[in-house]
Amino acid sequence: MAIKLEISEEKEVYRSSYFPEYVRPKIYDPGLDETIKRLTPEKIEKAYQAVFGKETARIKAIVETCIHCGLCAEACQWYLSNDRDPTYAPVAKVKMTAWELMKRKGKVDAGLVYDIARIVFTECNICHRCSLYCPFGLDITFIIGLVRRFCFLLGVVPQRMFDQNQTFMATANQVWMSQSDYIDTLFWREEEGMYELKNLRIPMDKEGVEVVWFPLAAEPKTGPYHIDRIAKIFQVAGVDWTMVTMNDYWDSSNMPMFIRDFFTMQRIVKGLYENAARLRAKKLVLTE
Amino acid sequence: MGFLESVALYNFLRGPMVWITFIIFIVGSIYRIYTLINLAKKEKVVLPFINIKAAIKSWLHWLIPFASRNWRLKPYFTTFTFLFHTGIVFVPIFLYAHNALWYESWGISWWTLSETVADVWSIFVIIGCLFFIGRRIFDPTVRFVTSYSDFVFVFICLFTFLTGFLAHYQWILPYRAMLNLHIMFGEIMLIAIPLTRLTHMYYFFFTRAWMASQTAIWKIKDW
Ligand code: HEM
Ligand code: HEM
Ligand code: SF4
Ligand code: SF4
């Protein structure tokens, strides 16, 4: 029985019809598998034109400089942790995505869009290390970001990332946390922290402060002790600081940036800055 | 063989073709740099973020062998690429034979390399080319992203140096035939610089300036 299972697992591989070297385990992700069924050549070309149609200095300089030397490979954790599989090298990801799209001027079928989306969303962390290893300092991450934008415009995005984006659209944070829940959590952490540091305060919406701290939403949700720890540090260090609870803009994680949903991404950034400006804070501190 | 050796071909390559080559090379290079800067101006987020000080630091850092981390990770590659690139830029400029041609046509001349230095350096460039070709065939990572044009670029460099060297020693082919071949490849190379990805010779400075300015904002070094 066990042997049978192993064999059937071995057979479950996905092989790209464009790049025979691109072999991966078969996975099912409705965000990719279902959405590509809705694509038509016209939609794909339109999305291509929107992102790559206009020649820009950065795209031009990167594509016309890359000499295909492969030196960026050594930087990438995906390449290193997959036994130096050539298809994980940063330049290989650009080759299979942006170059292929540009070579065919966006006239590609849904199969390639699947490969592209899988590569740019699930095999690159947008970490920028490759740019620090490329002798030309080529901004590969910028290209990956453009390709993500292309996929986002087509709605081909891994389900989990798309889900998270919708959470941001609805609540402006990544964990469906309501304003009252947030305020309640801060009061609770203040009370907990007081057992360890006398007179601990978690200031809310205090004006004219030095520092406003925007946490990641995971902190109040799943690691609430972070909140009182940071509060203790601020208080002991004598920093004049505050947290923001007056509206929904307090989560600094901004996941929409990762799938290049520009509208939601801008809404979040604008919300955070406006809140800080309203309190006349001098510095923003974000969790990373 | 007759045609390759002919004085007619030599006269063409040394006459009108030299003019065509240098006009394409110079005008093309200016055009490529000009259009890139012009495009960058239209992209609002590029030029205002360029940090000249960081850019200069970055150029020096990456033009010194073994200074950056990736140069140190790849000692053979680094050795060959620096011998190759210094050779391809400086040998033709300071070669005695080339200087003699400039002197013949324009009456100008400058400092030249001794024959031994030029020979050894040319051999290094040739070995460097063979190393690049070997990598493109045998290193699976490089092979996966290599297109035909990448081989063509290396072969242009290889043949230019090989034929120049062989002409000098008058080996294999009669002198005139080899020299004609050499001049032909040299001209193809100069024309290719503005028209192909060999433009990296100029774009290197722009792309590094951009990434160096980014890393300066993030307050990290550019490795
Ligand atoms: C307009 C184009 C060119 C002309 C007319 C030209 C002409 C010549 C001549 C007359 C020689 C001397 C052969 C001898 O010693 O008898 C020579 C040698 C050489 N040339 Fe060129 N050349 C040109 C372009 C180039 C370019 C673009 C490069 C390299 C980037 C180059 C690299 C060399 C080398 C490496 C040698 C041989 C050095 C040695 O080992 O002695 N040449 N060339
Ligand atoms: C100032 C001028 C130049 C700079 C800064 C420069 C820089 C570079 C860099 C950073 C690379 C990538 C990796 C490597 O180091 O091999 C490269 C590769 C290369 N360059 Fe240049 N380059 C210059 C001029 C030239 C010229 C004039 C030629 C020939 C016409 C040339 C031909 C090549 C070739 C063929 C490669 C690819 C090597 C391979 O196959 O891996 N370069 N250059
Ligand atoms: S940005 Fe992407 S391709 Fe580049 S090193 Fe990071 S994970 Fe790899
Ligand atoms: S290191 Fe730079 S030039 Fe070389 S293949 Fe990677 S991106 Fe292209």
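This is a predicted model: local features need pLDDT of at least 70, side-chain atom pairs count only at pLDDT 80 or more; totals for chains, interfaces and linings use all residues.
**Contacts between and within chains A and B**

Colleague: What makes Arg32(B) and Glu64(A) a salt bridge?

Modeller: The closest N and O atoms of Arg32(B) and Glu64(A) are 2.5 Å apart, and the cut-off is 4 Å, so the pair qualifies. Across the interface of chain B and chain A, three salt bridges are found.

Colleague: How much area do chain B and chain A bury between them, and what part of it is on carbon and sulfur atoms?

Modeller: Chain B and chain A bury about 3,400 Å² between them, with 65% of it on carbon and sulfur atoms, while 40 residues of chain B are in contact with 38 residues of chain A.

Colleague: How do you know that Lys95(A) lies over the face of Phe144(B)?

Modeller: Lys95(A) is placed 5.2 Å from the ring centre of Phe144(B), which sets it against a distance limit of 6 Å, a direction within 35 degrees of the ring normal being required as well. Within chain A, the charged end of Arg189(A) sits over the ring of Trp188(A), at 4.4 Å from its centre.

Colleague: Turning to the rings, why is the pair of Trp71(B) and Phe82(B) called edge-to-face?

Modeller: Over all chains the count comes to 29 aromatic pairs. In the pair of Trp71(B) and Phe82(B) the centres are 5.3 Å apart and the planes stand at 75°, so the pair is edge-to-face, the limits being centres within 6.5 Å and planes over 60 degrees apart. Trp71(B) belongs to helix 5 (residues 69-73) and Phe82(B) to helix 6 (residues 75-94) of chain B, so the pair ties together parts 11 residues apart in sequence. Both Trp71(B) and Phe82(B) are buried.

Colleague: What makes Phe84(B) and Phe132(B) an edge-to-face pair, and why does Phe84(B) count as buried?

Modeller: The ring centres of Phe84(B) and Phe132(B) are 5.1 Å apart and the planes are at 85°, so this pair is edge-to-face. Phe84(B) lies in helix 6 and Phe132(B) in helix 8 (residues 115-138) of chain B, so the pair ties together parts 48 residues apart in sequence. Phe84(B) counts as buried at 7% relative accessibility and Phe132(B) at 10%, because buried means under 20%. One aromatic cluster is formed by Phe77(B), Phe80(B), Phe84(B), Phe131(B) and Phe132(B).

How values were computed: Residues are numbered from 1 along each chain as its sequence is written. Chains are lettered from A and ligands numbered from 1 in the order in which they are written. Side-chain values use heavy atoms; hydrogens and water are left out. Rings of Phe, Tyr and Trp (its six-membered ring) pair if their centres lie within 6.5 Å; planes under 30 degrees apart count as stacked, over 60 as edge-to-face and the rest as tilted. Helices (H or I, at least four residues) and strands (E, at least two) are DSSP runs, numbered from the N terminus. Buried means under 20% relative accessible area, exposed over 50%, partly exposed in between (1.4 Å probe, protein chains only). Contact means heavy atoms within 4.5 Å. Buried area is the accessible area (1.4 Å probe) that two parts lose on being put together, summed over both. A salt bridge is a side-chain nitrogen of Lys or Arg within 4 Å of a carboxyl oxygen of Asp or Glu.
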